[in-house]
Structures are given as structure tokens and as C-alpha cells.
Amino acid sequence: MLRRDRPLRPLPPVRVMALALVAVAANLRIAITSVPPLLDAISADLGLSHAAAGALTTLPVLCMGLFAPVASRIAHRTGAAAAVLGAVISIVVGTASRFAGEHVVVLYAGTFLCGVGIAVAGTLLPRLVKTFFPPERTGLVTGLYMLAMMGGAALSSAVAVPLADRLGSWQASLGSWSVVALVGALAWAPFTMRANPHHTPDEEGPGRLPWRHRTAWLVAGYLTLQSWCFYSAVTWLAPTYVEHGWSRASAGYLAAVFSGAQIVSGLLGPVVSDRTRDMRRLLWPAAVLGIAGSVGIWVAPLSAPWVWAVVTGLGQGAAFSLALVLLVRYARTPEASGRLTGMAFLISYGLASMGPIAMGLVRDVTGSLSLVWGILAAIGVVQIFVVQRLRPDLRRVD
């Protein structure tokens with residue numbers, strides 16, 4: 001039990017807490033999205049196959065699946081704010097280790113540390129939003145959280161190659177993002193000192209995951225298909241256009257446009273969902289956009305590459321943000337939402353982490369990344385069939 005013989009220190013103002021949360025959220029995609037524009041250079045220097053190179057984005061996603069259920073248990077023991085601080089420190093160390101990325105073991109070990117940190121922080125930040133922010137501000141704060149996460153992804157994609165050129169190596173480019181992670185840790189530490197004493201370790205702990213609940217499996221299935229397409233696209237969009245003769249810098253800018261489009265649809269989707277009872281009306285168009293963009297890259301990649309990147313990004317951004325809405329809408333209570341999230345993340349990220357590797361194997365076998373986009377379009381079609389079953393009257397997770 002925590003001692004309550006002294007009064008708790010008051011929490012910081014809402015705007016200060018929001019800034020701290022944004023500083024952390026900005027790091028939840030950078031360790032993944034800063035890699036693809038440099039994949040060809042990394043592969044060439046280290047002698048990696050396309051499948052092995054794809055593992056550099058697969059590993060963090062796998063960690064997001066494996067450690068999402070663990071995050072709630074860590075928070076139950078230490079407090080959610082302290083757990084997030086530990087997660088950001090893990091990202092700092094993992095990202096900084098990439099300065100020594102010429103050693104393959106160090107590169108993959110650092111990527112693993114980043115993945116663990118992203119998993120824990122990404123799972124707990126929405127819970128902290130609900131806990132420490134007033135109800136009338138949660139929508140705004142969630143929007144800022146999504147903006148920071150996707151903005152960080154777009155920025156890291158755009159400047160990865162210019163940073164490598166300026167700093168002299170891809171190792172320095174990847175490692176330099178540890179500065180952003182350090183800023184996040186420094187911004188979050190004072191908030192932790194104020195917020196964590198409000199944690200009581202004798203609160204109800206995390207319950208069992210809803211393995212026998214049909215609705216939970218449908219939501220997890222949707223998330224799996226969406227995440228497989230998203231992380232495969234993040235990994236192989238820039239290399240696809242390098243394969244078509246683009247410079248690494250230009251391909252990185254294209255990846256940044258892909259991430260930037262997600263900001264628009266990622267913010268718009270949840271806002272519109274508040275006025276929509278049947279989520280299928282939003283999930284269908286999101287899936288169709290993803291399919292259309294993938295088909296465009298597959299069939300006519302050089303006819304309108306910037307359009308394909310925007311269309312695919314709009315579809316993936318909306319699909320991801322709406323998936324987060326599903327985790328709330330199909331649960332009866334906040335605790336049930338946490339259990340549903342833990343199960344859905346474990347399944348979806350665990351399976352989707354194989355996407356970049358599998359698509360890399362397709363490249364190794366066929367000698368081209370073209371077919372990858374045909375496969376992603378086909379997965380998008382399957383996603384539509386799952387969406388059809390996500391009726392508004394499904395039984396909620398208890």
C-alpha cells in the first residue's frame with residue numbers, strides 16, 4: 001500500500017500534461033518509419049536479404065503484440081505513469097544503440113528495445129488520457145496524441161536519407177532520433193513525479209483476456225488484416241520506388257507523404273465516428289482506399305506515384321484510427337476495453353509482424369516488389385468481408 005499520510009501533490013495543468021504526452025507519443029513510430037528509406041543501404045552494408053531487412057520493422061511490431069498484455073500488469077505494479085517513463089527510456093537506449101548499427105546483433109537488439117518501449121507506452125497512453133484528463137478534453141488530447149505519432153512518422157521518413165547524407169552514415173541517421181526520445185523522457189519525468197503517487201497498487205488488477213468472445217475475435221481479425229497491410233506498406237513503399245530507379249531521398253519523401261495522409265484521415269475518422277452508429281459505413285471506404293492505392297502501385301506505379309501514396313495513406317490512417325474506436329465501442333466498460341485491447345494487440349501485432357518479412361520473401365523469390373502490392377490489395381478485399389460482420393448490434397465484451 002502507498003502511504004497517504006501526506007497530501008498528494010497536485011497534478012500539473014492540463015496543457016502541461018498534454019505537452020508531455022505529445023512528447024512521448026512522437027516517439028511511437030519513429031523507430032519503425034525511419035528505417036525503410038535506408039533499407040537498401042542497410043542491406044548492402046550488412047549483406048542482409050530482403051526478408052532479414054524487413055525484420056527491422058517486423059521486430060518492433062512483434063514486440064507491440066507480445067508486450068501489450070504485459071503493459072497492464074507492469075502498470076498495476078508500478079503505476080502507469082512510471083511504466084511509460086521506463087518505456088521511453090527503453091526507446092532512448094534502443095535508438096541510441098543504432099549508432100553502432102554496423103554490428104548486426106547491436107542493430108537488432110536496439111530495435112528490440114525500441115519495440116518493447118513502443119509496446120508499453122502505446123498501450124498505456126490511452127489509459128492515462130482517460131485517467132488524468134477531463135472528459136471534455138479527451139477527444140482533443142487523443143487527437144494531439146495521434147497527430148504527434150503520425151507526424152513523427154512522416155518527419156522521420158522524409159529526413160532519414162538527408163540525415164544520413166549530412167551525418168555521413170545510415171547508423172548516425174537512425175541513432176540521431178534518440179534525441180527526440182530523450183526529449184520525451186525529460187518531458188515525461190516531471191509528470192511521473194506528480195502523477196504516479198496517485199496510483200494505488202491495491203486497485204483491481206488486469207482480468208483475463210476475452211479468448212472465448214466472438215466479438216473480440218472479429219475485432220482482432222480486423223486489426224490483424226489492417227496491421228499486416230499497414231506495416232508491410234510502411235516497410236516496402238520506399239524500397240519499391242528505389243527499385244523503380246528513384247533516389248533514396250525521393251522515395252523517402254514519398255513515404256513521408258504516405259504518413260502525412262494518415263494524419264488527415266487518422267484525425268477525421270474518430271470525429272466522424274461519434275456521429276455514426278454503424279461503423280461499417282466508415283470501415284468500408286477506408287478499406288476501399290487502401291485497396292485502390294495498392295492496386296495503383298502494383299499495376300501502374302509510375303503513372304501517379306504521389307496519388308497512390310496519398311490514397312493508400314488515407315485508407316490506412318482511417319482504418320487504424322477507426323480500429324482504436326472499435327476497441328472502445330465493442331466493450332461495456334473501460335476495464336473490458338483494456339482486456340479487449342490486450343487480446344487484439346497480441347493477436348494482430350503478433351501476426352502482422354510477419355507481414356514485412358513475408359513480403360520481403362516475396363521480393364527474394366520473384367526478384368521484384370511489384371507482386372507485394374497485389375497481395376496487399378487481396379488482403380484488403382478479405383478485410384472488407386470481415387468489416388461486413390462488424391454489425392453495431394454485436395454482443396459487447398464484458
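Buried means under 20% relative accessible area, exposed means over 50%, and partly exposed lies in between, with a 1.4 Å probe and protein chains only. The structure is a predicted model, in which local features need pLDDT of at least 70 and side-chain atom pairs count only at pLDDT 80 or more, whereas totals for chains, interfaces and linings use all residues. Residues are numbered from 1 along each chain as its sequence is written, and side-chain values use heavy atoms, with hydrogens and water left out.

**View 1. The salt bridge between E243 and R363.** In this pair the closest N and O atoms are 2.7 Å apart. E243 belongs to helix α10 (residues 214-243) and R363 to helix α15 (residues 354-366), so that distant parts of the chain, 120 residues apart, are linked. Helices (H or I, at least four residues) and strands (E, at least two) are DSSP runs, numbered from the N terminus. R363 is buried, at 17% relative accessibility, whereas E243 is partly exposed at 33%. A salt bridge is defined as a side-chain nitrogen of Lys or Arg within 4 Å of a carboxyl oxygen of Asp or Glu; by this rule the count comes to five.

**View 2. The salt bridge between R248 and D40.** The N to O distance is 3.9 Å. R248 lies in helix α11 (residues 248-273) and D40 in helix α3 (residues 39-46), and the pair links distant parts of the chain, 208 residues apart. Both side chains belong to partly exposed residues: R248 has a relative accessible area of 27%, and D40 has one of 32%.

**View 3. The salt bridge between R332 and D398.** These side chains meet at 2.6 Å, N to O. R332 sits in the loop between α13 and α14 (334-352), and D398 in the segment after α16 (370-388), so the pair ties together parts that are 66 residues apart in sequence. R332 is exposed, with a relative accessible area of 54%.

**View 4. Helix α13, residues 305-329.** The expected span of a helix is 1.5 Å times one less than its number of residues. For the 25 residues of α13 this gives 36 Å, in agreement with the 36 Å between its end C-alpha atoms. The helix is mostly covered, as 18 of its 25 residues are buried.

View 5. T224 is buried, at 11% relative accessibility. Apart from neighbours within four places in sequence, T224 is in contact (heavy atoms within 4.5 Å) with I347, S348, L351 and A352.

**View 6. The cysteine C114.** The closest cysteine sulfur to that of C114 is in C63, 9.4 Å away, which is too far for a bond. A disulfide is a pair of cysteine sulfur atoms within 2.5 Å, and a search of the whole structure finds zero. C114 is buried, at 0% relative accessibility.

**View 7. A nonpolar patch on the surface, formed by I89, V93, F112 and L113.** Together these residues have about 310 Å² of accessible area, computed by the Shrake-Rupley method with a 1.4 Å probe, where only the protein chains shown count as cover for residues. Patches are made of residues with over 30% relative accessible area and no salt bridge; like charges are joined within 9 Å and nonpolar side chains (Val, Leu, Ile, Met, Phe, Trp, Tyr) within 5 Å. The elements giving two or more residues to the patch are α5 (80-96) and α6 (104-132). F112 is placed in helix α6 and is partly exposed, at 35% relative accessibility.
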